[in-house]
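Please look through the model shown here with the sheet, the cores and a few individual side chains in mind.

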Amino acid sequence: MFRTFRGGQSGGWRVTSLSSVTGEPLPFVPALSVNDSDAVSLPLVPSRNAWRLVGVPSSLRYTERTEKQQLVSVQAGLGRLEATSAALIPIRKSAAWWELTQEERRRIFEDKSHHIASSLRFLPAIARQLYHCRDLGEPFDFLTWFEFAPADASLFEELVGMLRQTEEWTYVEREVDVRVVKEVLSA
């Protein structure tokens, strides 16, 4: 199942900010649509004021069984009614990261950066899903999608601030931060 994030003129999420954290930005768009499908549809006409990013959920990597059990026991699912704020954070890591072995990346990811252990305290307030896209020929390696209630926005800022200070993030060569709010249609 592919998840497509399409930035453009319409969608179920209104873009409140779009900024480059490091590397090349994405063009600003007013809306974001998020769709799941069995196939990837190409844009009919390339556009300067729209973009499309595609990823697939995959098995957890760099995660040991006890960590996976901890995550599953506390994490919330996507699509909660109160989670009307979200962030799409596409990330591309450097060639140096991908030249490391799986074990070396695990050491940096958890043993040194404590990605899982330090993130647990932000769950279940912040729901998240990682989509892999490196092998799909996409411009990013990962698409990270977070959903949270507006009351938890400062908690989310704390989470991303903490992660961006880790050794793992020294391998990030492109990161864009797209913040959105759910469009609510009135009756």
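The paragraphs that follow go from the sheet to the cores and then to single residues.

The model is a predicted one, and its description can begin with an open sheet of eight strands, whose order is β4-β1-β3-β2-β8-β5-β7-β6 and whose pairing is antiparallel. Strands β4 and β6, the latter spanning residues 127-132, are the edges of this sheet, since each of them pairs on one side only. Averaged over the sheet and with direction ignored, neighbouring strands are turned by 25 degrees against each other. One of the pairings joins β1, residues 2-8, to β3, residues 31-37, in the antiparallel sense and over seven bridges; within it, G8 stands opposite A31 of β3. Helix α5, formed by residues 153-163, packs on the sheet and touches β5, β7 and β8, while its direction makes about 150 degrees with that of β7.

The side chains can be followed next, starting with the cores. The largest nonpolar core has 19 residues, and those with the most contacts inside it are L18, L32, W51, L88, L143, W145 and V180. Two or more residues of this core come from each of the elements β2 (13-22), β4 (51-55), β5 (85-93), β7 (142-148) and β8 (172-182). Apart from this core lies another, of 14 residues, which includes F122, F146, F148 and L159. Returning to V180, and not counting residues up to four places away in sequence, one finds that V180 touches W13, R14, V15, T16, L32, T84, S85, A86 and W145.

In the whole structure a search finds seven aromatic pairs, and one of them is formed by W13 and W145, which counts as edge-to-face because the ring centres are 5.4 Å apart and the planes stand at 85 degrees. Since W13 lies in strand β2 and W145 in strand β7, this pair ties together parts that are 132 residues apart in sequence. Both tryptophans, W13 and W145, are buried, and together with F5 and Y131 they form one aromatic cluster.

Not counting residues up to four places away in sequence, R179 touches R14, V15, T16, S17, A86, A87, F156, E157 and V160. Its side chain also makes a polar contact, at 2.6 Å, with the side chain of D177. By contrast, D38 lies 141 residues from R179 along the chain, and the C-alpha atoms of these two residues are separated by 26 Å.

Conventions:
Residues numbered from 1 in each chain as written. Predicted model: local features only at pLDDT ≥ 70, side-chain atom pairs only at ≥ 80, totals over all residues. Heavy atoms only, no water. Core = buried A, V, L, I, M, F, W, Y, C linked by side-chain atoms within 4.5 Å. Buried < 20%, exposed > 50% of the residue type's maximum accessible area, 1.4 Å probe, protein only. Helix = DSSP H or I, 4+ residues; strand = E, 2+ residues; numbered from the N terminus. Contact = heavy atoms within 4.5 Å. Pairing = 2+ DSSP bridges. Axes fitted to C-alpha atoms, helices over the stretch in contact; angles between N-to-C directions. Polar contact = N/O pair within 3.5 Å; in protein donor to acceptor, adjacent residues only side chain to side chain. Phe/Tyr/Trp six-rings, centres within 6.5 Å; stacked < 30°, edge-to-face > 60°.
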